[in-house]
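Student: Please take a close look at one part of this structure with me. Then show me what lies around it, in short steps.

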Amino acid sequence: MKKVVFIVILLILIVGIIAGIIYFNSNENDNVENDNILSQENIENYTANNSTNVNDIQDSQSEGEEVEMKNARIKLIVNGNEIFIRLDDNVASREFLEMLPLTLTFEDYNNTEKITTLPSELSTEGLPSGYTPKVGDFAYYAPWGNISVFYKDFRYSNSLYKLGTIESGTEILGNINEDFEVTIEKVD
């Protein structure tokens with residue numbers, strides 16, 4: 001008789017557990033469906049008020065960011081000459097690109113690079129702590145908040161971050177001895 005009572009109690013426990021699992025899962029699915037309906041209502045309200053499809057906005061932002069840095073190029077216009085630079089894909093380069101167009105005054109520094117101070121700092125999050133610049137490097141020196149265009153090689157420098165590389169026109173910079181104005185623009 002004890003075995004029968006034990007088996008009955010065990011069966012009741014098993015049925016109770018199964019019923020609890022079914023109940024929990026059905027409530028969870030209801031909540032997910034309610035969340036989806038709420039999200040859909042928010043999207044419909046947003047699009048009705050803004051005459052824009054949210055999916056179109058998200059698609060254009062994703063595509064724009066990807067294309068923008070994949071082949072991002074800028075040009076420096078110096079005394080009527082153009083210097084083309086291909087930007088690296090990093091957070092500092094993306095932020096710099098967002099600042100453009102800019103007109104800045106450059107000066108020579110250490111007979112090695114031309115520098116200018118940016119209107120605001122760039123983020124260097126996730127970048128190496130420094131690097132060794134080469135001729136043609138376009139870089140950001142965080143402590144001073146300036147960009148540098150190297151026309152000669154230089155030693156390893158902490159807090160120096162590479163933004164890109166000159167494709168053509170490096171020689172133009174080495175031949176300028178006084179301060180000069182540069183217009184920096186995106187290249188389409």
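Tutor: Start with the side chain of Asn90, which reaches the backbone oxygen of Lys162 at 3.1 Å. That is a polar contact: a pair of N or O atoms within 3.5 Å, where, within protein, one must be able to donate a hydrogen and the other to accept it, and where residues adjacent in sequence count only if both atoms are side-chain atoms. Keep in mind that this is a predicted model, in which local features need pLDDT of at least 70, side-chain atom pairs count only at pLDDT 80 or more, and totals for chains, interfaces and linings use all residues. Residues are numbered from 1 along each chain as its sequence is written, and side-chain values use heavy atoms, with hydrogens and water left out.

Asn90 sits in the loop between strand 2 (81–87) and helix 3. Helices (H or I, at least four residues) and strands (E, at least two) are DSSP runs, numbered from the N terminus. Asn90 counts as buried because its relative accessibility is 10%. The cut-offs are these: buried is under 20% relative accessible area, exposed is over 50%, and partly exposed is in between, with a 1.4 Å probe and protein chains only. Beyond residues up to four places away in sequence, Asn90 touches Leu127, Lys162 and Leu163. Contact here means heavy atoms within 4.5 Å. Thr124 is 34 residues from Asn90 in sequence, and their C-alpha atoms are 8.5 Å apart.

Next, the core. A nonpolar core is a set of buried Ala, Val, Leu, Ile, Met, Phe, Trp, Tyr and Cys residues joined through side-chain atoms within 4.5 Å. The largest one has 32 residues, and Ile74, Leu76, Phe96, Leu118, Phe138, Ile147 and Ile184 touch the most other members. Helix 3 (residues 91–99) gives the largest share of this core, 4 residues. Another core lies apart from it, with 5 residues, among them Tyr131, Ala139, Phe150 and Leu160. In soluble globular proteins, nonpolar side chains tend to be buried together.

Leu102 is found in strand 3. At 11% relative accessibility, Leu102 counts as buried. Setting aside neighbours within four places, Leu102 is in contact with Phe96, Leu118, Pro119, Val182, Thr183 and Ile184.

Now strand 7 (residues 146–150): 5 of its 5 residues are buried. Asn146, Ser148 and Phe150 point one way, while Ile147 and Val149 point the other way. Two strands pair if DSSP finds at least two bridges between them. Strand 4 (residues 113–117) runs antiparallel to strand 7, joined by 5 bridges. Ile115 has Ser148 as its bridge partner in strand 7. Strand 6 (residues 137–141) also pairs with strand 7 in the antiparallel sense, over 4 bridges. There, Tyr141 is partnered by Asn146. The hairpin of strand 6 and strand 7 has 4 residues between the strands, and Gly145 takes a positive phi near 70°.

Aromatic rings come next. A search of the whole structure finds 5 aromatic pairs. Rings of Phe, Tyr and Trp (its six-membered ring) pair if their centres lie within 6.5 Å; planes under 30 degrees apart count as stacked, over 60 as edge-to-face and the rest as tilted. Phe106 and Phe180 are stacked, at 5.7 Å centre to centre with 15° between the planes. Phe106 is in strand 3 (residues 102–109) and Phe180 in strand 10 (residues 180–187), 74 residues apart. Both are buried. Tyr109 and Trp144 are edge-to-face, at 5.4 Å centre to centre and 85° between the planes. Tyr109 lies in strand 3 and Trp144 in the loop between strand 6 and strand 7, so the pair ties together parts 35 residues apart in sequence. Tyr109 is partly exposed, at 34% relative accessible area. Trp144 is partly exposed too, at 47%. Tyr109, Tyr141 and Trp144 form one aromatic cluster.

Last, the whole chain. The protein has 4 helices and 10 strands. Of its 188 residues, 31% are buried. Among contacts between residues at least 6 apart in sequence, 63% join residues at least 24 apart.
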